[in-house]
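Biologist: I am new to this structure and would like to learn how to read its features. Please take them one at a time.

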Amino acid sequence: MPAAPAQAGTAHTTTAQVVAAPVVSEIPPGAGHGRPVGATVVDLGARGYQEREFLMSGRADTFQKVGVWTSGGQWGARATGTVQDYTTRLLVERPADPARFNGTVVVEWLNVSFGVDIGVEWSQSYEHFTRAGYAYVGVTAQKVGADKLRSLDPARYGQVSLASDALSYSIFAQAAEAVRADAAALLGTDGPVKVLAAGHSQSAGRLATFTNAIQPIVPAYDGILIHGRGAGAAPIGEGVIALPLTARIRTDSAVPVFQIESETDVRTFADARQADSARVRTWEVAGTSHADAYGLAQYNAQNARDRAINDGRPISCDRPVNAMTWRYASNAAYHHLDRWVRGLGAPPSGPPISLLLGSIRRDVDGNALGGVRLPDLDAPLAAYAPTNSGGEVTGACLLLGATTPLSSARIRQLYPTQQDYVTTFTRAADRALAAGHLLPADHAEAVARARTTPLP
């Protein structure tokens with residue numbers, strides 16, 4: 001098995017107890033309802049990809065704090081010596097032709113904020129992943145996700161069992177171990193060159209703790225992408241465990257860490273802002289919300305099929321959901337992180353979103369100032385807000401943001417002719433491309449879209 005990345009030693013840190021490698025077995029495609037819960041709605045065949053699902057079984061460690069945890073993130077931890085049996089699932093999206101695999105696997109800590117596994121990172125960046133030849137593994141790392149799988153399809157997931165979230169850090173580390181050791185089964189090809197960790201929202205908070213406390217003693221991943229977290233982090237075990245209110249990412253990390261934040265996140269994340277360093281980068285993407293229309297379209301389609309949330313009814317809000325193209329920034333972030341872990345240079349920096357007394361500063365149209373700027377924001381046809389209201393699913397619309405079209409008069413003031421709009425948009429896309437915040441393929445897609453977008 002290829003060696004996992006080395007991690008620099010720090011004070012108050014001890015080596016974790018060695019546990020046996022996990023065992024991976026494929027779930028028969030026709031088991032239970034005949035499909036994975038959370039199966040992608042993407043046409044994988046058209047992209048030369050295939051979806052497979054596996055059980056991963058083993059014994060997971062639990063961990064405890066060592067010393068005082070401060071806001072700087074240099075957190076000591078050790079294994080408690082208490083291990084528990086577990087069985088969980090891995091949802092894999094991989095190139096059908098092994099020759100297309102680019103050598104990098106993205107392992108996502110599936111989000112369980114709404115009581116069921118949601119692959120946010122796959123939903124945002126599947127176009128980039130499938131264009132570039134990544135493999136993707138979604139991990140059911142937490143008890144609520146495991147319990148939901150069993151309730152939705154007991155015939156398929158009857159063996160899935162996680163005793164508590166205290167096991168989640170060890171399980172997530174073991175997923176990386178399984179990807180390396182069982183590549184032939186999981187990936188259908190030779191072992192990966194690099195393995196990246198990723199997680200969004202609630203999972204991002206757990207990844208912050210994983211990065212600061214667990215990765216130093218269980219060096220599982222080559223790089224980490226933390227998407228949409230607040231200023232704090234998640235507990236390391238069960239019960240009430242005191243944590244700093246502000247948790248920055250440790251700057252002595254042995255592996256690169258990339259944080260990407262939306263406008264919704266910045267309101268709570270601001271206290272944890274930190275300067276870019278040799279191992280930590282942060283982008284704050286103006287105009288974006290914690291979740292958006294692009295992802296919601298996929299979640300609603302999955303939910304209509306799986307009936308996992310709100311009895312399968314779509315999530316709707318009082319106003320149209322935020323339609324800013326977050327996926328462009330997400331795609332660029334993965335591209336740069338992959339290069340970074342391969343020693344090909346750190347990602348470009350991005351300016352922070354502009355705040356005044358804790359509030360986001362806005363232009364005359366209501367759009368945010370500062371931050372990483374995508375062409376749809378710098379050549380706007382709408383105002384993009386970080387929150388919304390209404391809806392049947394508690395809290396969802398607060399995270400989905402809103403889109404308010406600009407008036408016809410304002411649009412004509414900004415762009416007297418259709419060509420003026422295309423020219424302005426193309427220049428904005430060129431700036432984002434030059435800054436490294438937009439990939440060439442997304443630049444081409446965006447400009448082509450602008451050319452066919454009629455003005456009111």
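**Reading helix contacts, rings and loops**

Modeller: Start with two helices: V120, S123, Q124, Y126 and E127 in α1 meet Y294, G295, Q298 and Y299 in α8. Keep in mind that this is a predicted model.

Biologist: At what angle do the axes of helix α1 and helix α8 cross?

Modeller: The axes of helix α1 (residues 120-132) and helix α8 (residues 293-306) cross at roughly 115° and come within 9 Å. That makes α1 roughly perpendicular to α8, since angles of 65 to 115 degrees are described in that way.

Biologist: Is the crossing of α1 and α8 left-handed or right-handed?

Modeller: α1 passes α8 in a right-handed crossing.

Biologist: How do α9 and α14 pack?

Modeller: The axes of α9 and helix α14 (residues 440-451) are 11 Å apart, and the angle is about 165°. α9 and α14 are therefore roughly antiparallel to each other. Their crossing is left-handed.

Biologist: Which residues of α9 and α14 meet?

Modeller: On the α9 side they are R327, Y328 and N331, and on the α14 side D442, E445, A446 and R449.

Biologist: Now the aromatic rings. How is a pair of aromatic rings described?

Modeller: A pair of aromatic rings is described by the distance of the centres and the angle of the planes. The structure holds 16 aromatic pairs. One of them is formed by F172 and F210, with 5.6 Å from centre to centre and 90° between the planes, so it is edge-to-face, as planes over 60 degrees apart are counted that way.

Biologist: Where in the chain do F172 and F210 lie?

Modeller: F172 is in helix α4 (residues 168-181) and F210 is in helix α6 (residues 202-214). The two are 38 residues apart, and the pair links distant parts of the chain.

Biologist: Is F172 buried or exposed?

Modeller: F172 counts as buried because its relative accessibility is 0%. F210 is buried too, with a relative accessible area of 0%.

Biologist: What geometry does the pair of F258 and W283 have?

Modeller: F258 and W283 form an edge-to-face pair, with 5.0 Å between the centres and 85° between the planes. F258 lies in strand β8 (residues 257-262) and W283 in strand β9 (residues 280-285), so the pair ties together parts that are 25 residues apart in sequence. F258 is buried at a relative accessible area of 0%, and W283 counts as buried at 0% relative accessibility.

Biologist: Which residues form one aromatic cluster?

Modeller: W122, Y126, F129, Y134, Y136, Y294 and Y334 form one such cluster.

Biologist: Which residue has its charged end over the ring of W340?

Modeller: That residue is R281, whose charged end is 6.0 Å from the centre of the W340 ring. In another case, K65 lies over the face of W69, at 5.3 Å from the ring centre.

Biologist: Where is R307 found?

Modeller: R307 is in the loop between α8 and α9 (326-341). D311 is found in the loop between α8 and α9 as well. R307 counts as partly exposed at 47% relative accessibility, and D311 is partly exposed with a relative accessible area of 47%.

Biologist: Last, contacts of single residues. What is I118 in contact with, leaving aside its neighbours within four places in sequence?

Modeller: With those neighbours left aside, I118 is in contact with E108, L110, N111, Y299 and I309. I118 sits in the loop between β4 (104-109) and α1, and it counts as buried at 12% relative accessibility.

Technical notes
Residues numbered from 1 in each chain as written. Predicted model: local features only at pLDDT ≥ 70, side-chain atom pairs only at ≥ 80, totals over all residues. Heavy atoms only, no water. Phe/Tyr/Trp six-rings, centres within 6.5 Å; stacked < 30°, edge-to-face > 60°. Helix = DSSP H or I, 4+ residues; strand = E, 2+ residues; numbered from the N terminus. Buried < 20%, exposed > 50% of the residue type's maximum accessible area, 1.4 Å probe, protein only. Lys NZ or Arg CZ within 6 Å of the ring centre and 35° of its normal. Axes fitted to C-alpha atoms, helices over the stretch in contact; angles between N-to-C directions. Parallel < 35°, antiparallel > 145°, perpendicular 65-115°, else oblique. Left-handed = near helix turned anticlockwise from the far one by under 90°. Contact = heavy atoms within 4.5 Å.
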